[in-house]
Amino acid sequence: MQTSRSRKSALRGVLASAGMFLLLAALAAPAFGQSLAGRWISEGRKLDNGEQEKSILDLKQNGNQLTGTLKTLGFEVDVKGTASGSHFELFVEEWNPSRPVLVGDLVNGELHAMQGRRMVVAKPATAADDIPKVAYIEPPPLKTVPSNGLAQTPPMGWNSWNLFQGRIDDQTVRTMADAMVTSGMRDAGYIYVNIDDTWEGVRDAQGNLPSNHKFPDMKALADYVHSKGLKLGIYSGPGPRTCAGYPASLGHEEQDAKMFAAWGIDYLKYDWCSAGRIYKNDALQPVYQKMGAALQATGRPIVYSLCEYGMGGVEKWGPAVGGNLWRTTGDIRDEWKSMIDNVEKQVPTAPYAGPGRWNDPDMLEIGNGHMTDDEYRTHMSLWALVAAPLLAGNDIRTMSDVTKSILLNKEVIAIDQDALGKQASPVKNGDLETWVKPLADGSVAVGVVNLGSAAAQATVKAADLGLAGPVKTARDLWAHQQVKFAGGAYTEMVPSHGVLLLRVSAK
Ligand code: GLA
């Protein structure tokens, strides 16, 4: 029989081991007190090249506030969010401040969350669990890469990312190329067919990067696209990995550029993403210069598109690295606010646009289904007014007549492709925003966008247009008809989120 003393010590022992257990449990899996703080690891999806994606989520919790970072093979971003009991929501503000990137619950010491439409399970991790480290490579000294003379007007074409993301393959590119011809897109100027991320295989022992099973023969695909009177674009980045986690060009710039040229590639989009893990923003210029020089050394004319989300004053040094266009913003989404935010963010870059050097507010979402037709007409008008690259991001094979009428509006395309290459800037008056773009023949394009939620009357005053004389002709580029200025002005009702787009001339 136990004495009271021994019972007490036994109880102490039980309490002590329970305390130890609680402590260990709290360290290993923060299931107690519903804390989400700590490091979490999730395997993520299998990439198309057979490699395994991986995510590391580092979280701090203060009351119901969560902060931290989310790392994958391809990127590292800050996350912010809230916890309520075991439920949590995490946002990447720079991507979308209103839609969570992860929503889920703490279940038996694991995070069970939805990432978009995918279920993710994250387990407690140790500090040793991490994304593979890569060796730092010193960026080259600055020099000027001579201009390649390409993209004298903003590049036009189609890109796979906005609609297909990772679901892009050889067959889809071929059928899209066919549709570029039959729909009239090619003849309207949309020449580049651009494969975005997820084409990459696994780099071999010689450092060559083959395509993965979705693209069995890149050279044959380029030949096919060329046979249609189109050009083929591809995608890589200056870091070890692309945003989607595939091998990118760090340390293999010349080898990859040569391979692109040998395949017959005509356009390269070069995406920063994981380069941010190795380099600070002050290395943007030399790092982009490295691929710019490598592309030029191939002797093949390849449009060079920098994708660095507007960082580092790219509009000032983009041409010096051999760049033809560069992103001025984060990724566009198929929604009104994202589209307007992107084009407005680009305003300070206006003085730097011109033939061969274009600011890029990202690819078009026209026809992808989440904006109204008026909003898509505004999207097209604004991209033309700011001399943006016109890279359609919808399914050209199945697009509706309305989508066609927007993407194929030749009068609007002519504004975008105008030889003077000026980027319009806006003047705001309440809900109405007026963008004026001087054109090579002395006329101007003027767009009035209604940002408000009700129809509004837009007035274009001739005196605001900088014309050399009184208005002689004016044309409404969406109604496809001449309009008349009276008393030095033209007035028309513009629907909510719609646009009035005129070409006005003093000749
Ligand atoms: C980044 C780019 C996108 C697209 C994806 C591909 O997010 O900004 O345009 O290329 O990467 O992973």
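## Burial and overall form

Buried residues, meaning those under 20% relative accessible area, make up 51% of the 507 residues in the chain. Exposed residues are over 50% and partly exposed ones in between, with a 1.4 Å probe and protein chains only. The model is predicted: local features need pLDDT of at least 70 and side-chain atom pairs count only at pLDDT 80 or more, while totals for chains, interfaces and linings use all residues. Residues are numbered from 1 along each chain as its sequence is written, and side-chain values use heavy atoms, with hydrogens and water left out.

The C-alpha trace spans about 110 × 55 × 45 Å along its principal axes. The chain has 12 helices and 24 strands, taken as DSSP runs (helices H or I, at least four residues; strands E, at least two) and numbered from the N terminus. Of the contacts (heavy atoms within 4.5 Å) with a separation of 6 or more, 64% are between residues 24 or more positions apart.

## Nonpolar cores

A nonpolar core is a set of buried Ala, Val, Leu, Ile, Met, Phe, Trp, Tyr and Cys residues joined through side-chain atoms within 4.5 Å. The largest one has 87 residues, and Tyr190, Trp199 and Met380 have the most contacts inside it. Apart from this core lies another, of 21 residues, among them Ala83, Leu90, Ala113 and Cys273.

Leaving aside neighbours within four places in sequence, Trp199 is in contact with Leu209, Pro210, Ser211, Asn212, Phe215, Met218, Ile234, Tyr235, Met259, Phe260 and Trp263. Met259, Phe260 and Trp263 are among the buried residues of helix H6 (residues 253-263).

## Aromatic rings

Rings of Phe, Tyr and Trp (its six-membered ring) pair if their centres lie within 6.5 Å; planes under 30 degrees apart count as stacked, over 60 as edge-to-face and the rest as tilted. By this rule there are 13 aromatic pairs. One of them, Phe485 with Tyr490, is tilted, at 6.1 Å centre to centre and 35° between the planes. Both Phe485 and Tyr490 are buried. Tyr270, Trp272, Tyr288, Tyr304 and Trp317 form one aromatic cluster.

## Helix packing

The axes of helix H3 (residues 170-182) and helix H5 (residues 218-227) come within 10 Å and cross at roughly 10°. Axes here are lines fitted to C-alpha atoms, for helices over the stretch in contact, with angles from 0 to 180 degrees between N-to-C directions. H3 and H5 are therefore roughly parallel to each other, the class for angles under 35 degrees; over 145 counts as roughly antiparallel, 65 to 115 as roughly perpendicular and the rest as oblique. Asp170, Val173, Arg174, Ala177 and Asp178 in H3 meet Ala220, Leu221, Tyr224 and Val225 in H5. The charged end of Arg174 sits over the ring of Tyr224, 4.9 Å from its centre; the rule asks for NZ of Lys or CZ of Arg within 6 Å of the ring centre and within 35 degrees of the ring normal.

In H6, the buried residues pack against H5, strand S11 (231-236), strand S12 (267-271) and helix H7 (284-297). Just after H6, Gly264 takes a positive phi of about 100°. Helix H9 (residues 336-345) has Trp336, Ser338, Met339, Ile340, Asn342 and Val343 as its buried residues. These pack against helix H10 (373-385), strand S18 (432-438) and strand S19 (444-450).

Glu315 lies in helix H8 and is buried, with a relative accessible area of 10%. Not counting residues up to four places away in sequence, Glu315 touches Trp326, Thr349, Tyr352, Arg357 and Asn359. Gly313 is in the loop between strand S13 (303-307) and helix H8 (314-317). Its relative accessible area of 22% makes Gly313 partly exposed.

## Loop residues

The loop between strand S8 (118-124) and strand S9 (156-159) holds Tyr136, which is partly exposed at 48% relative accessibility. Tyr136 touches Ile278 and Tyr279, not counting residues up to four places away in sequence. Tyr136 and Tyr279 are 143 residues apart in sequence and 8.1 Å apart in space, C-alpha to C-alpha.

Most residues other than glycine have a negative phi. Ala151 has a positive phi, near 55°; it is found in the loop between S8 and S9 and is buried at 15% relative accessibility. Gln165, also not a glycine, has a positive phi of about 45°. Gln165 is in the loop between helix H2 (161-164) and H3 and counts as partly exposed at 38%.
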